[in-house]
Amino acid sequence: TIPVDVPRVDVALVGWNDRVVPLLRELDRHVASGSVVHVLSERRLDERERSLKEEGLTLKGESVFREDDIGLRNVTLDHVVGFATDVSQLRRLPLATLEAAIVMADIDQNAVQSTSGAELQLADSETITSTLLLRDMHERCRAKGKAESPLVIVPQFLDVLTTRVFKRHPGLLEEESDANAMVGEDSSDDDAAAPGSAFGVGRTLCVHRNFLETAALTSSALSIYGAM
């Protein structure tokens, strides 16, 4: 049970794929009531609505069936349609109040299995671009006094080689003072991160296409940085 004095949080979900709903449900278990997940993706709203409805959810995250209690309990969804590497679209997110951001490619799991390594790395390059843009934009907000909390960013990579690069060189996604960021180990979709994992002082925590690990890292990092 989440303590009643835990504050609500604003989380950005940049990107969309067919593992979004399990990720949202896992996040919903760890954040306080009134929290909002702001979804930015090039996917049209009707596509998102169809995906959510298949899992029993409305666009806002409520239950499709009133008699069933399968909606998100603590999280409300807010949707933005736009490209994840477009600065003007990223500005539509509430940068001043964001405390966490999850960045992923707009590629479904079936497509990943049939996509070449070079194409996966290209998709990962867009994830990297979005991560760096978000980091820079949020730091500018903090410099102007518009944002108080540090932003935890969890980029979800598709190609294992990309994950290994940032595991070996975590400073590539961080400012020099944050270069001790801990990155998630390579893992399959069926493996969750260890619940007691420790984090470094960094705020960019990389994972390899694992929705459970993504949610665990995000919620744990929010707790460590004081948002929860």
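Author: Glu99 counts as buried because its relative accessibility is 14%, where buried means under 20% relative accessible area, exposed over 50% and partly exposed in between, taken with a 1.4 Å probe and protein chains only. This is a predicted model, in which local features need pLDDT of at least 70 and side-chain atom pairs count only at pLDDT 80 or more, while totals for chains, interfaces and linings use all residues. Residues are numbered from 1 along each chain as its sequence is written, and side-chain values use heavy atoms, with hydrogens and water left out.

Glu99 lies in strand E4, which covers residues 98-103; helices (H or I, at least four residues) and strands (E, at least two) are DSSP runs, numbered from the N terminus. Although Glu99 and Ser149 stand 50 residues apart along the chain, their C-alpha atoms are separated by 6.3 Å.

Around this strand, the chain as a whole has seven helices and six strands, and from the N terminus on these elements follow the order β-α-β-α-β-α-β-α-α-β-α-β-α. Of its 228 residues, 49% count as buried. Among contacts (heavy atoms within 4.5 Å) between residues at least 6 apart in sequence, 72% join residues at least 24 apart. The accessible surface, computed by the Shrake-Rupley method with a 1.4 Å probe, comes to about 11100 Å², and 49% of this surface belongs to carbon and sulfur atoms.
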